[in-house]
Amino acid sequence: MISLQRMLGLMLMLLHGVVTFPLELNPPRVVVRYGDSVSVNCSTSSTDHDGMGWEATFEGTSVEQDVNVVTWTVDNLTDWKIEPKCYINLNDGKQHSIVLPVILYKTPDRVSISVLNPSGPMVEGTQYQLQCDIQNIAPLQNLVVKWYKGNEPLDNVTYSNVSKTPEDVSATLMISPSRDDDGAQYRCRAELDLGPEGPQPHPTVTSEPLSITVHYAPEFLPGNDTVEVSAGSDVSLNCSAEGNPPPELRWNANETTVGRLRTLNISRVTANATYNCTVTNRLGSITKQIHVLVDVPPQQHPTMFSTAPSTPDTITTLPATAKPKVVTFPLELNPPRVVVRYGDSVSVNCSTSSTDHDGMGWEATSGGTSLEQDVNFVTWTVDNLTDWTIEPKCYINLNDGEQPSKVLPVILYKTPDRVSISVLNHSGPMVEGTQYQLQCDIQNIAPLQNLVVKWYEGDEPLDNVTYSNVSKTPEDVSATLMISPSRDDDGAQYRCRAELDLGPQPHPTVSSEPLSITVHYAPEFLPGNDTVEVSAGSDVSLDCSAEGNPPPELRWTNNTAEGNANETTVGRLRTLNISRVTANATYNCTVTNRLGSITKQIHVLVDVPPQQHPMMFSTAPSTPGTMTTLPGTAKPKVVTFPLELNPPRVVVRYGDSVSVNCSTSSTDHDGMGWEATSGGTSLEQDVNFVTWTVDNLTDWTIEPKCYINLNDGEQPSKVLPVILYKTPDRVSISVLNHSGPMVEGTQYQLQCDIQNIAPLQNLVVKWYEGDEPLDNVTYSNVSKTPEDVSATLMISPSRDDDGAQYRCRAELDLGPEGPQPHPTVTSEPLSITVHYAPEFLLGNDTVEVSAGSDVSLNCSAEGNPPPEMKWNYTAARNVKLSTEGRQRTVRITTATSTNAGIYICTATNIVGTATRTTTLLTMKGGSSSIIYIIWVIVFVSLVIVLVVLIVFCMMKKRQGHYDFIPVNQTNNVPMMPMSTTGEGNHDPEGYPTKV
């Protein structure tokens, strides 16, 4: 039995022996750009095979025989999850395969950088978070986001993600900027590190640079704190500071403001003084003192000097370094200082009254002169002054060896290239009562310390902003203005003006283009009658005038009973026309926009003969038992009116003709006529009608009035209601804040833009999907002139809406007097594409097939975009894949039991994934099954005979009685016989011995 065990173990080892893998891929892995082509060879050194091929969702091949190489090729690879597999069918019935690793990559559609939670300029020392948004990149695990300031690398960010499909991703960077970072540019770069097989250098997309502005508190620059000057001379004090925003400057002497420019010019100084220079911006304020010391003859030196401007009992002790001295200065400049426009010419004389000198001249980077002798003046001249920092100096060589000199103060100025105005951190209409910040950007101006920025609303000045800056060269600078607009500011125009206060008049100025603002505010009713009296059986028009922005929508309702909340909507236009009024009624007018809603009541009172006046009047529409008490002001009365208009109201297309008769039944009058801005008539006597006629009506606000002069001195009149209308120039439809296909179940907002239509209160915007009406939108607006207006519609499309066409129609409902049908203009249709996840037409399935038969398993699904189909199953040499249109089919030829199992079909598109399973059951019937069963019976019979023979031989040999018990063995040898005595008669290996 031991030898039998070992022989069985050896046979098992041989059956599960070492296999040399017969397939090789070249290249062994690929990196492919989305949409590019790819080609890979699969080869074998084995000749003992029955064919080889490729399985793949794209461009798989059928089994090819008598070859040692098969090639997988795709011209346009777009399957993100593709796993091509090369297989070989060996002659022994085995099928080996190897999967090709594929990395399909896509560079991002867009890389952008922004500041999270921005609030304008940054402040020195404060932390901010930058965000890099990367759209539609794959695969994410190969992405490296690199941060830069200028060209200096700052940080790298990597990712780990199991998804192979494109994703949107963001990376962040914390910064704490200093003043040195003002104007710095930050960038982020999306780089795909795809390994040695990927493209070199790595594919990258970089954001546009983000320029930052850093604000910091003022700081003085080095300068003299003490200035010495001859008595009676002029002096210029300089206070140089830097800060951002550029600080405002104020000079004070004895708590009196004496200047606001960086340089304080003082004429004819006669006494010592101390000046305070204070510079301030929104981040801080600092002050320094500058002492002016006057040089006078020794006999005049006092120990103390009064300050200027002088005040009684106020004196200032000189600093310890202040040593008054006598100086006789021999040079004079004419003019003493100059202001020059950049690029203009300049000329200055330097003269002396001294004759005790050896020559004089000018030192300057431009226009300097050599030493000139025997002269009493020299001239500095430059034809084209462009040196921003020039400091021309006139000097004289005295015979005693001294060289006194005098520097010419030069202000070189330049008006800005551009001045523009914008709203910070906001776009679109403003809301009444909310604060907004306007910014004025001034480009390339100098010198900044002479700049005054002036703000205007229309022609009304609002504010002035000044600066202190040590730079003489051109700079870019910004000024801001906080506003809190009201409804009166709707349409207001703001401007900013850059003005250089250089002394001469008028100052050089450059103004921005105006910024027009739109202010939205809640509705408010305009004054109007709350009670309207009308004769029984007459028509009446109720007017509900309100203003608001956006123009409010209006709804008329009529209560069916006093105090009853049940309401019936009876109109949506500003004017509600009611025909043949017979009973009192109360109407509610409600106007609404996105900022609020208000309601008011209008009572209609019917004038009837006195004997018919009841104390109570039924409401309209009337219902049994419902009565309304008249307001206290309602006094029914009888009115006899002598004028009648025919027609009583008119609706006219802009530019068309119109004609209306005004007649009277009264003979007791002294003439009648029409008053109107167009077509008015003079007083006509001895007539009973007059006609108002206009050939080309273009006055939007016209109100023709027919009047009659009665003999009793009264002049009744009647105004003709005129509606002048205009159809829109254009009606268009669009999707707000979205482009491209829509996704099923997501909300989108359609907008209908209507240009130049009037009157707005008669406009009805109708929405359609195909020919199916969806919604109507109406408006209330007091303006009769043409306007642009928009209406919106929220939709949440389903797959049934794919390819649907939406339209909006602008329709003018001008009442019964208006043209019929109503004038309309319709937009071009907007066709939408709806993307939705795959869905199988059939559910999970079970298929039974007979052995030896052929079977096909079909997989098809609907989705948008059309889904990619993939089968997952246990490979076999008699199973092949085929594609017919969007259907993937598994074909099994001469099916065997090895083909039984679960076949999974997966459908995938950019919206989602769906799976469907098909279970192939064990084969039933067929000749192959019968042969298989016969072989099983024969095999089992032989095993039984063999076991009986072995047992018989062993019993005959040992002649003993045995029981069988299990022993602790790790092999698969059957249980061994053991003595029935239960005693310990065992051989050394643990096998039982004979009794």
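Predicted model: local features only at pLDDT ≥ 70, side-chain atom pairs only at ≥ 80, totals over all residues.
**Group meeting: links, a sheet and one tyrosine**

Residues are numbered from 1 along each chain as its sequence is written, and side-chain values use heavy atoms, with hydrogens and water left out.

Back to Y654, then. You'll find Y654 in the loop between β58 (650-653) and β59 (658-664). Strands here are DSSP runs of E, at least two residues, and helices are runs of H or I, at least four residues, numbered from the N terminus. What does Y654 touch, leaving aside residues up to four places away in sequence? The list is L697, T698, W700, L724, Y725 and K726, where contact means heavy atoms within 4.5 Å. Take L724 from that list: Y654 and L724 are 70 residues apart in sequence, yet 5.9 Å apart in space, C-alpha to C-alpha.

Now the disulfides. How many does a search of the whole structure find? Nine, counting a pair of cysteine sulfur atoms within 2.5 Å as a disulfide.

One of them joins C42 to C86, with 1.9 Å from S to S. C42 sits in strand β3 (residues 38-44) and C86 in strand β6 (residues 85-90), so this pair ties together parts that are 44 residues apart in sequence. The torsion about the S-S bond of C42 and C86 is about -85°, so that disulfide is left-handed. Both C42 and C86 are buried.

Next up, C544 and C589 form a disulfide with their sulfur atoms 1.8 Å apart. It links distant parts of the chain, 45 residues apart: C544 is in the loop between β48 (540-543) and β49 (546-549), and C589 is in strand β53 (residues 585-593). C544 is buried, because its relative accessible area is 0%, and C589 is buried with a relative accessible area of 0% too.

On to salt bridges, meaning a side-chain nitrogen of Lys or Arg within 4 Å of a carboxyl oxygen of Asp or Glu. The whole structure has 25 of them. One of them pairs K454 with E499, closest N and O atoms 3.1 Å apart. K454 is in strand β40 (residues 451-457) and E499 in strand β43 (residues 493-500), so the pair ties together parts 45 residues apart in sequence. E499 is buried, with a relative accessible area of 9%.

R799 also forms a salt bridge, with E744, at 3.1 Å between the closest N and O atoms. Salt bridges that share partners also join E124, R179, E219 and E242 into one network.

Two strands pair if DSSP finds at least two bridges between them. Strand β74 (residues 834-840) and β77 pair in the antiparallel sense over three bridges, and the bridge partner of F840 in β77 is A861.

Definitions and conventions:
Buried < 20%, exposed > 50% of the residue type's maximum accessible area, 1.4 Å probe, protein only.
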